[in-house]
Amino acid sequence: MAPLSPAAPAVPLTRVHRPAPFGRALCAMVTPFTTSGALDLDGAQRLADRLVREGCDGLVLSGTTGESPTTTDTEKAELIRAVRAAVGERAAIVAGVGTADTRHTVELALAAEKAGADGLLAVTPYYSRPPQDAVEAHFRELADATGLPVALYDIPGRTGTRIEPETMIRLADHPRIVAVKDCAYDLLGTQKVLAETRLAYYTGCDEYVLALYAIGGSGYVGTVANAVPRHFRSILDAFDAGDPGEAARLQRLTVPLTELMMASGLPGSVTAKALLDRLGLPSGPVRAPLRPAGQEMTDGLLAAYDRLVNA
């Protein structure tokens, strides 16, 4: 048998970056409240400033992690204005505007644009479970109504309705529909859309940060990043530096904290606020019907956090 040819010299890892309209590392920021349950704008500004200083390119305000179902339209606009004042142009502000009502979604989008948001995040209309042609029409009406770029939020486990890959591909022809927050847990469907469009894909599942980035994603919108923004940013930085092994190691280190924060049966807003409070960072209580995490859960979150930051 002929001898094997010598191995080819190592070639530095490169990647073709898909456009990332809001940056690569985004945090789905919690909405701080005072002990009485009022909107804590000073706390929001301090938390936003910390997240940006620790590596976040963008902040998603009034998403589900930001308890948007329990904040008023006025509070949502106030939050955008306060955070913009705190971070200036150092980070993109993406406003969550998704509701089950197309008309209300458009109203929130126009208010967010006026308040100073850089982009919009809109979830599929929930509970009513509209068919795909209605889902498409909903998002087109939103995108037609505003001058801001729009990210579609695909999370069928919460809404009951998927944005099917074929629908996503059709929506990609709209000039203001530019991105997706992907929580569909369907990498095959995601790859179909990546292959057919220029949509920027952000994972909304903290355990998939590296997986989606490696197949052409643009970054992440993370909930766990409220507590450890720099660590999640380092996963992308290691991959971009040509060290996928280090990126994989850093991703694996996040597993215990991610599992407790996102897969414990409690919403991420509850667990994120519990940990932030123990770390002395702005958070405050959650609003009903949510309830605070118990002592055992909070102790576990803090222990997992300590292991991660000291690894």
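How many bridges join strand β3 to strand β4, and do the two run parallel or antiparallel? In this predicted model, β3 (residues 92-96) and β4 (residues 119-123) are joined by three bridges, and the two strands run parallel. One of the pairings can be picked out by eye: glycine 96 has leucine 121 of β4 as its bridge partner. Helix α4 (residues 132-145) packs on the sheet here, touching β4, β5 (150-154) and β6 (177-182). The direction of helix α4 makes about 160° with that of β4.

Now for the wider view. The strands β1-β2-β3-β4-β5-β6-β7-β8 make up a closed barrel of eight, with parallel pairing. On average, neighbouring strands of this sheet are turned by 25° against each other, direction ignored. As a bit of background, strands of a sheet pair through backbone hydrogen bonds, and the pairing can be parallel or antiparallel.

Tyrosine 153 finds its bridge partner in lysine 181 of β6. Strand β6 is also joined to β7 (residues 200-203), with four bridges and again a parallel run. Here aspartate 182 stands opposite threonine 203 in β7. To get from β6 to β7, the chain passes through helix α7 (residues 187-196), and this β-α-β crossover is right-handed. Is β6 out in the open or enclosed? Five of its six residues are buried, so β6 is largely enclosed by the rest of the structure.

Threonine 105 sits in helix α3 (residues 102-115). Its relative accessible area is 1%, so threonine 105 counts as buried. What does threonine 105 touch, leaving aside its neighbours within four places in sequence? The contacts are Val97, Gly98, Thr99, His138 and Leu142.

Next come the cysteines. How many disulfides are there? The count comes to zero.

In general, side chains of opposite charge can pair when their charged atoms come close. How many salt bridges does the model hold? The count comes to 19 salt bridges. In one of them, the side chains of arginine 233 and aspartate 57 meet, with 2.9 Å from N to O. This pair links distant parts of the chain, 176 residues apart: arginine 233 is in helix α9 (residues 229-240), while aspartate 57 is in the loop between α1 (41-53) and β2 (58-61). Aspartate 57 is partly exposed, at a relative accessible area of 22%. Both residues also belong to a network of salt bridges that links Arg24, Asp57, Arg233, Asp237 and Asp240.

Another salt bridge is formed by arginine 287 and glutamate 75, whose closest N and O atoms are 2.9 Å apart. Arginine 287 lies in the loop between α12 (268-278) and α13 (295-309) and glutamate 75 is in helix α2 (residues 73-87), so this pair ties together parts that are 212 residues apart in sequence. Arginine 287 is buried, with a relative accessible area of 15%, and glutamate 75 is buried with a value of 15%.

Are the two partners buried or partly exposed? Glutamate 136 is buried, with a relative accessible area of 14%, whereas arginine 170 counts as partly exposed at 37%.

Conventions
Residues numbered from 1 in each chain as written. Predicted model: local features only at pLDDT ≥ 70, side-chain atom pairs only at ≥ 80, totals over all residues. Heavy atoms only, no water. Buried < 20%, exposed > 50% of the residue type's maximum accessible area, 1.4 Å probe, protein only. Contact = heavy atoms within 4.5 Å. Disulfide = S-S within 2.5 Å. Pairing = 2+ DSSP bridges. Axes fitted to C-alpha atoms, helices over the stretch in contact; angles between N-to-C directions. Right-handed = clockwise from strand over helix to strand, strands pointing away. Salt bridge = Lys/Arg side-chain N within 4 Å of Asp/Glu carboxyl O.
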